[in-house]
Structure formats: C-alpha cells, structure tokens
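Here are some exercises for reading a protein model step by step. Have the structure open beside you, and try each task before you look at its solution.

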Amino acid sequence: MFRFAEPNGDLRNFYCNINVPPTFDGETLSYVDLDLDILIAPDFSYQVLDIEDFETNAENYRYPSEVQAGARQAIDELVTLIETRQFPFDQEGYPLNDTK
C-alpha cells in the first residue's frame, strides 16, 4: 500500500497493489504483481482498477485457481477495511504533519 500526500501533508490518496506473497532466496526479494489495484480518495471512496488486465493475465499466464481466489479475497478484505475505516484507513485525512 502506498499513501500519497500533498506537500502540506494532507492525504492525496492511497494506492493498493494486489500481489502474490513475496519470496526471498537469501539475496533477492521477488513478488508477482497481479495487476489488481485499489485507488482510495481522501473521502474514502474507492475504485478497483485493472480487473480486465487481471482476468486476461490469469488466463494467459495460467494463474492457479488458488492465486485467483486469493487475489479476489484480498480485494474483498481491502474493501472491508476501507468501508469500516479500519487500519490503515482509520484516520480522517490521515495527516503527516499533525501538530496537535
């Protein structure tokens, strides 16, 4: 998950990528980005992006059914976190420069 801020620290948006769990071989950390993403606005409205790319690549690269199901489950879990304002979506505006 990425949190993008305006120069004054106010939330611009969140951007979440759906990936397979990373692996580490002792030298290299590797992961596969599954093309599914969620863009979350400061008002916590959201849009699931690149569904068509995920479906095309799932077919072209023969993603196992477990990978496809896991990606869909990850989207569902993120949507629940967004809609219920659970961490990391639990603070209105989510300021970086909070001086309170």
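A crossing of two helices is called right-handed if the near helix is turned clockwise from the far one by less than a right angle, and left-handed if it is turned anticlockwise. You will need this in Exercise 3. Keep in mind that the model is predicted.

**Exercise 1. Get an overview**

Task: Find out how many helices and strands the protein has, and in what pattern they follow one another.

Solution: 
- Step 1. Count the elements: the protein has two helices and six strands.
- Step 2. Walk along the sequence, and the pattern reads β-β-β-β-β-β-α-α.
- Step 3. Look at the overall extent: along the principal axes, the C-alpha atoms fill a box of roughly 50 × 35 × 20 Å.
- Step 4. Ask how much is buried: of the 100 residues in the protein, 26% are buried.
- Step 5. Check the contacts between residues at least 6 apart in sequence: 43% of these join residues at least 24 apart.

**Exercise 2. How the two helices meet**

Task: Describe how helix 1 and helix 2 pack: what is the angle, and which residues meet?

Solution: 
- Step 1. The two helices pack at an angle of about 165°, and their axes are 11 Å apart.
- Step 2. Angles over 145 degrees count as roughly antiparallel, so helix 1 is roughly antiparallel to helix 2.
- Step 3. Now use the opening definition: helix 1 passes helix 2 in a right-handed crossing.
- Step 4. Name the partners: Phe54, Glu55 and Ala58 of helix 1 meet Gln68, Ala71 and Arg72 of helix 2.
- Step 5. Sort this contact by class, and you get three nonpolar, one polar and two charged residues.

**Exercise 3. Buried or exposed?**

Task: Decide whether Asn13, Glu66 and Glu77 are buried, partly exposed or exposed.

Solution: 
- Step 1. Recall the cut-offs: buried means under 20% relative accessible area, exposed means over 50%, and partly exposed is in between.
- Step 2. Asn13 sits in strand 2 (residues 11-19). Asn13 has a relative accessible area of 17%, so it is buried.
- Step 3. Leaving aside neighbours within four places in sequence, Asn13 is in contact with Phe2, Arg3, Phe4, Leu39 and Ile40.
- Step 4. Glu66 is in helix 2. Its relative accessible area is 58%, so Glu66 is exposed.
- Step 5. Glu77 also belongs to helix 2. With 44% relative accessibility, Glu77 is partly exposed.

**Exercise 4. Sequence and space**

Task: For Glu66 with Val20, and for Glu77 with Val67, state how far apart the residues are in sequence and in space.

Solution: 
- Step 1. Glu66 and Val20 are 46 residues apart in sequence, and C-alpha to C-alpha they are 10 Å apart in space.
- Step 2. Glu77 and Val67 are 10 residues apart in sequence, and C-alpha to C-alpha they are 15 Å apart in space.

**Exercise 5. Backbone details**

Task: Find out where Asp35 and Asp50 lie and what phi each one takes, then find which residues a cis peptide bond joins.

Solution: 
- Step 1. Asp35 is in strand 5, and its phi is positive, near 75°. Asp35 is partly exposed, with a relative accessible area of 23%.
- Step 2. Asp50 lies in the loop between strand 6 (46-49) and helix 1. Asp50 is not a glycine, yet its phi is positive, about 65°. With a relative accessible area of 30%, Asp50 is partly exposed.
- Step 3. Just after helix 1, Arg62 has a positive phi of about 55°.
- Step 4. The cis peptide bond joins Phe87 and Pro88, with omega about 5°. Pro88 is in the segment after helix 2.

Terms used:
Residues numbered from 1 in each chain as written. Predicted model: local features only at pLDDT ≥ 70, side-chain atom pairs only at ≥ 80, totals over all residues. Heavy atoms only, no water. Helix = DSSP H or I, 4+ residues; strand = E, 2+ residues; numbered from the N terminus. Axes fitted to C-alpha atoms, helices over the stretch in contact; angles between N-to-C directions. Parallel < 35°, antiparallel > 145°, perpendicular 65-115°, else oblique. Contact = heavy atoms within 4.5 Å. Nonpolar A, V, L, I, M, F, W, Y, C, P; charged D, E, K, R; others polar. Buried < 20%, exposed > 50% of the residue type's maximum accessible area, 1.4 Å probe, protein only.
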